[in-house]
Amino acid sequence: MGPRHTPERSPHPALALVLGLLLALGLAGVARAQDEVTIRGQVGQTLGFFLTEGSRLNGDEITWGPGQVSLNRTHYQLQFERRFGWEAAGHISLKGYWDAGVAGLEALKGVANGDSSTLLELDQAYVDLYSDLTDFRIGRQRIAWGTADGFNPTSYFSPLTLDLTRGLEGLVQPVTAIRTSTYFNVGTLSVVIVPAFEPSEWERVLQDETGLSVTAENVKDYENPGEIGLQFDTFYRGTSLYLSYFNGYEDQPVVWEGEANLHGAWRREQKVGLAAATAWRGFTLWGEGTYTFPGRVEGLDEQRAGQIWGPTKPYPTAVLGVDYLFPRGIRAELQYIYNGRGSLLKIFNESDVPAGQYLMGLASIPLTDDQTLELLALDSLRDDSRVLVPTYRYQLTPTTQASLSLILVDGGPASEVGQKHLSDLDQLTLAVTVRF
Amino acid sequence: MDWRKGLAAPFLAACAALWLLTAVGAAAELTGPEILERLQGDSPLATQQGMAQVRLTTVNERGQERPSEMRIFIRTSADGTEQLLEYVAPADVAGTKLYTRTPRKGDPDILLYLPALGRERRIAATERGSTFMNTDFTYEEITSFASFTQLYTAERLADSEWEGRPAYVLRLTPKEADSLYSHVVMYVWQEEFLPLRVDFYNRDGVLWKQLLNSNFQQTPAGTWEARRIEMVNVLKKTKTIIDLVTTSRTDVPANFLRELRR
């Protein structure tokens with residue numbers, strides 16, 4: 001399964017540059033002894049191999065067989081942080097990757113692993129200012145809300161997709177925003193303002209998922225580019241509660257078949273959300289849900305349901321989860337996911353598609369101090385197809401980890417996870433990562 | 001590192017309690033319960049706040065060492081105790097923070113902040129007999145350091161010495177039948193009322209673990225601190241070493257929850 005479902009949002013270059021300069025200036029200032037610059041980073045190499053035969057039509061027909069290299073990627077990240085006592089902080093991080101010339105990878109460009117190498121790009125760059133009541137974070141940052149693992153309906157500022165190949169930690173994309181968190185006795189109020197909505201790369205995904213393409217001039221652009229999100233959180237009798245609201249844009253435009261051409265439009269949506277987490281007798285329990293109100297688009301109401309890619313009615317999305325730590329450090333987690341928008345594995349769902357329902361399981365079994373076995377599983381309850389990702393991890397040194405993973409798709413060609421763009425992408429990956 | 005491995009009232013409680021417990025005053029000839037009470041009663045844990053940066057090294061049965069470094073904040077008020085732990089090293093866990101709010105009554109709130117996720121996550125307390133974070137400490141050992149008088153009855157044995165220091169020797173018997181130990185023997189530095197050595201015996205009466213305090217240094221306030229705390233699992237042949245790097249009573253954030261999310 002390739003990383004095709006997590007649209008990358010491109011940085012807002014001007015603001016990022018300004019913030020980067022500000023941060024650099026800040027870093028050049030006189031530091032107190034306890035406020036030194038912290039430099040962290042990582043570098044890694046990932047090798048992937050196909051396990052089955054497969055083919056794609058991407059211009060020419062592309063075929064591959066078992067054992068063929070699917071991925072040979074070097075990736076790296078570097079970050080600088082500095083605290084200025086209890087009053088302020090700064091952060092800047094850069095990342096990049098380089099794909100070696102692998103025939104399988106190049107052939108799949110635009111389908112599975114296709115992105116070209118990005119030698120260096122800005123990841124996050126922000127400054128923190130801490131006043132008596134309020135914390136401010138200004139700049140390019142990750143904003144992760146919610147209580148669930150991997151799929152967070154209330155994490156409004158990140159694309160709502162699930163990509164098992166990136167793990168549960170690689171899903172939150174940075175946005176350029178102003179965030180405030182004000183601490184009251186009864187709880188915390190967070191406000192996030194995104195001055196300029198950053199559209200994701202959606203054309204390639206549309207082509208891949210539906211076989212359709214729409215030209216840019218047929219897509220109605222957005223007008224007011226601002227987005228806003230609010231969250232209030234509090235503790236109540238051992239439970240964390242989060243109430244939230246979002247007014248912004250969908251991650252992709254709604255697309256419909258017009259009389260002669262395919263049309264699209266960026267549209268606003270509003271979401272209200274509730275999330276909670278608690279602990280009970282050694283179990284951790286969590287849940288979060290949203291109700292989404294898609295904006296109206298002129299001309300869309302007249303279309304037939306099967307000719308619209310995107311929701312036309314309000315819909316709910318929810319996650320319920322539980323985990324438990326057994327003796328010997330064995331941890332098990334189970335989540336039920338309800339996606340009123342349709343398939344969790346697709347961006348462009350038809351408007352009348354039934355809700356996606358899933359069970360996601362995660363188990364972690366320590367074999368020794370240095371070795372761990374993990375299993376991630378996603379089962380589609382709609383058609384009983386599933387994806388399994390077993391991983392073996394070996395901690396070579398305190399800073400170096402090696403892992404061996406399998407990505408296995410179990411489902412017929414007509415099933416949700418066995419659909420054409422996933423079913424023949426069973427892979428084995430080998431990865432080594434060094435952190436410093 | 002699996003963060004669920006025994007993150008009950010977690011490691012920072014151990015470090016903070018051990019650190020604070022090692023800074024008590026002097027006294028005269030006393031009975032066993034009085035010595036234990038003095039050890040507990042003079043602890044600033046009940047009234048004060050502080051920060052300790054510690055270096056933690058676990059040594060497995062093959063002698064392989066796994067070092068880490070963390071910053072621990074603690075504050076106690078009428079409502080309960082707040083603790084915040086932040087990992088400084090190694091790199092794969094650096095920036096991870098753990099916030100624990102333990103009310104006077106009821107279960108603790110435990111929140112884990114993972115920088116890779118960018119948000120907090122509530123986690124459940126684990127069983128008190130389980131170990132945490134692959135160290136040689138158990139939940140029961142951690143929590144009991146601050147409440148010996150509540151959990152044990154003390155009997156004074158013949159005085160002895162440990163590493164050249166005169167010591168009161170106490171035999172502590174658990175009040176609860178389901179304790180992990182049949183009894184505990186504690187060596188208390190006579191001049192400073194600091195635990196020098198604590199021997200934990202399992203339910204079969206066999207020596208299971210030893211807590212050893214060493215590298216004593218005087219603080220600017222005139223009290224003494226053990227700068228090294230070592231827990232040796234005699235049966236498993238493993239040990240956990242805690243070295244205090246810096247300590248402070250004032251360098252503490254105003255709001256621990258805010259600091260968790262920064």
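**Strands, hairpins and cores**

Modeller: In chain A, 60% of the contacts with a separation of 6 or more are between residues 24 or more positions apart; a contact here means two C-beta atoms, placed from the backbone, within 7 Å. This is a predicted model, in which local features need pLDDT of at least 70 and side-chain atom pairs count only at pLDDT 80 or more, while totals for chains, interfaces and linings use all residues. Residues are numbered from 1 along each chain as its sequence is written, and chains are lettered from A and ligands numbered from 1 in the order in which they are written.

Of its 436 residues, 38% are buried. Buried means that 20 or more other C-beta atoms lie within 10 Å of the residue's own, exposed means 12 or fewer, and partly exposed is in between, with C-beta atoms placed from the backbone.

Let's start with strand 6 of chain A. Strand 6 (residues 118-130) pairs with strand 5 (residues 88-99) of chain A in the antiparallel sense, over nine bridges; pairing requires at least two DSSP bridges between the strands. Here His91(A) has Tyr126(A) in strand 6 as its bridge partner. Strand 6 of chain A also runs antiparallel to strand 7 (residues 134-141) of chain A, joined by six bridges. Val127(A) stands opposite Ile138(A) of strand 7 in chain A, and three residues separate strands 6 and 7 of chain A in their hairpin. In a regular strand, side chains alternate between the two faces of the sheet.

Another strand of chain A to look at is strand 19 (residues 331-339), where Tyr336(A) lies. With 16 other C-beta atoms within 10 Å, Tyr336(A) is partly exposed. Beyond four places in sequence, its contacts are Leu320(A) and Leu359(A). Gly361(A) is 25 residues from Tyr336(A) in sequence, with 8.9 Å between their C-alpha atoms.

Strand 11 (residues 207-218) and strand 12 (residues 224-233) of chain B are antiparallel and share nine bridges, with Gln217(B) opposite Glu225(B). Their hairpin has five residues between the strands, and Gly222(B) in the turn has a positive phi of about 95 degrees. Strand 12 of chain B then pairs antiparallel with strand 13 (residues 238-248) of chain B over six bridges, where Val232(B) is bridged to Lys239(B). Four residues lie between strands 12 and 13 of chain B in this hairpin, and Lys237(B) in the turn has a positive phi of about 60 degrees.

Now for the cores. A nonpolar core is a set of buried Ala, Val, Leu, Ile, Met, Phe, Trp, Tyr and Cys residues joined through C-beta atoms within 7 Å. The largest has 54 residues, of which Ile72(B), Leu170(B) and Val188(B) touch the most other members. Strand 9 (residues 181-189) of chain B gives the most to this core, six residues. Beyond four places in sequence, the residues that Leu170(B) touches include Ile35(B), Leu157(B), Met186(B) and Val188(B).

Finally, the two chains meet through 30 residues from chain B and 31 residues from chain A.

Conventions
Helices (H or I, at least four residues) and strands (E, at least two) are DSSP runs, numbered from the N terminus.
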